[in-house]
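Let's take a friendly walk through this model, from the overall fold down to single residues. Keep the viewer open as you read.

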Amino acid sequence: MLPWKRVLRPLAAVLLTAAVALVPATTAHAATAPTSGWNDYSCKPSAAHPRPVVLVHGTLGNSVDNWLGLAPYLEDRGYCVFSLDYGQLSGVPVFYGLGPIDKSAGQLSAFVDKVLTATGAAKADLVGHSQGGMMPRYYLKFLGGAAKVNALVGIAPDNHGTDLNGLTKLLPYFPGAADLLTAATPGLADQIAGSAFLTKLNAGGDTVPGVHYTVIASKYDEVVTPYTSQYLSGSDVHNVLIQNLCSLDLSEHVLIGLTDRIAFHEVANALDPAHATATTCASVLS
């Protein structure tokens with residue numbers, strides 16, 4: 001990575017965050033305040049947003065840290081929001097998404113059932129970052145998830161894999177993670193391009209009928225490369241390059257899921273396409 005990019009990308013995130021802080025607390029979204037909060041099982045979906053949103057973290061992430069930006073953003077717009085931890089390895093605390101991905105998909109299946117039972121909704125929407133945008137496709141394709149899910153939104157998903165060097169680029173973002181990991185991390189091996197897991201996942205087509213798919217990618221992604229490998233093919237797929245919406249957006253693989261309100265705006269559009277509004281650089285203030 002060029003030195004100027006190392007400087008500009010964090011700077012861009014700081015500027016976007018500062019802009020958000022200037023937005024008045026009383027916005028138009030106050031009229032659609034959620035009935036309850038994040039991971040509150042008393043939350044009942046509204047008529048405007050009848051499906052709960054399940055957030056699926058990425059490799060080395062967890063149900064809290066990965067969603068400190070997006071979960072409140074969706075709550076403020078009237079969604080019932082839930083998140084899970086999955087893929088924990090024995091003896092490895094805090095950092096999740098490291099276990100076999102097919103087993104992680106089974107954990108997602110059980111969690112979606114729990115959310116649907118609690119909320120009374122017929123279907124959920126899934127939003128995932130990195131591995132969390134790809135892993136749910138196994139649930140949809142092989143574990144009956146297509147009958148319970150309306151939409152899958154992937155933020156920087158490694159739908160067709162990456163190389164191990166790309167995955168290790170995540171480690172500096174998670175202090176202490178490198179000391180905990182060994183070669184015995186099946187969740188990493190499953191994400192390497194050409195793995196048996198990805199071969200099975202993508203055989204016969206990227207999508208399944210009845211589910212709406214959205215992929216939100218950044219051309220500055222240094223983990224899942226080339227960024228176009230994130231895209232899906234299918235009749236109900238919307239592939240988005242965030243820089244086509246705002247050329248000033250310098251978010252890379254991690255920031256696009258953690259802090260990027262331009263990406264968040266596009267997530268909201270995917271969850272409620274009937275009321276979608278144009279995503280631009282000004283969406284950071286929305």
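## Overall make-up

Helices here are DSSP runs of H or I with at least four residues, and strands are runs of E with at least two, numbered from the N terminus. Counted this way, the protein has twelve helices and six strands. Please keep in mind that this is a predicted model.

The protein has 286 residues, and 52% of them count as buried. Its accessible surface comes to about 11800 Å², with 63% of that belonging to carbon and sulfur atoms. If we take the contacts between residues at least 6 apart in sequence, 76% of them join residues at least 24 apart.

## The sheet

Looking at one pair, S4 and S5 run parallel and are joined by five bridges. Leu 152 stands opposite Tyr 213 in S5.

In soluble globular proteins, nonpolar side chains tend to be buried together. In this model, the largest nonpolar core holds 32 residues, and the members that touch the most others are Val 54, Leu 108, Leu 126, Tyr 139 and Leu 140. Elements giving two or more residues to this core include strand S1 (53-56), strand S2 (81-84), helix H5 (136-142), strand S4 (149-155) and strand S5 (212-217). H3 supplies the largest share, seven residues.

Beyond residues up to four places away in sequence, Tyr 139 touches Ala 105, Leu 108, Ser 109, Val 112, Leu 126, Gly 144, Gly 145, Lys 148 and Val 149. There is also a second, separate core of 26 residues, with Leu 55, Leu 70, Val 153 and Ala 156 among them.

Leu 201 lies in helix H9. With a relative accessible area of 0%, Leu 201 is buried. Leaving out residues up to four places away in sequence, Leu 201 touches Met 134, Arg 137, Tyr 138, Lys 141 and Phe 142. Leu 201 and Met 135 are 66 residues apart in sequence, yet 9.2 Å apart in space from C-alpha to C-alpha.

Val 211 is found in the loop between H9 and S5. Is Val 211 buried or exposed? Its relative accessible area is 1%, so Val 211 is buried. Not counting residues up to four places away in sequence, Val 211 touches Leu 140, Ala 146, Val 149, Asn 150, Ala 151, Leu 152 and Asp 236. Val 211 and Gly 145 are 66 residues apart in sequence, with 9.5 Å between their C-alpha atoms.

Ala 121 sits in the loop between helix H3 (101-119) and strand S3 (124-129). Ala 121 counts as buried because its relative accessibility is 14%, and the cut-off for buried is under 20%. Setting aside residues up to four places away in sequence, Ala 121 touches Pro 50, Pro 52 and Leu 116.

Leaving aside neighbours within four places in sequence, Ser 229 is in contact with Asn 159, His 160, Gly 161 and Val 224.

## Helix H12

How many residues of helix H12 are buried? The helix covers residues 261-271, and eleven of its eleven residues are buried. Asp 260 caps the N-terminal end of H12, with a side-chain oxygen 2.9 Å from the backbone nitrogen of Ile 262.

Note on methods:
Residues numbered from 1 in each chain as written. Predicted model: local features only at pLDDT ≥ 70, side-chain atom pairs only at ≥ 80, totals over all residues. Heavy atoms only, no water. Buried < 20%, exposed > 50% of the residue type's maximum accessible area, 1.4 Å probe, protein only. Contact = heavy atoms within 4.5 Å. Core = buried A, V, L, I, M, F, W, Y, C linked by side-chain atoms within 4.5 Å. Pairing = 2+ DSSP bridges. Areas by Shrake-Rupley, 256 points an atom, 1.4 Å probe, with all protein chains shown as cover. Polar contact = N/O pair within 3.5 Å; in protein donor to acceptor, adjacent residues only side chain to side chain.
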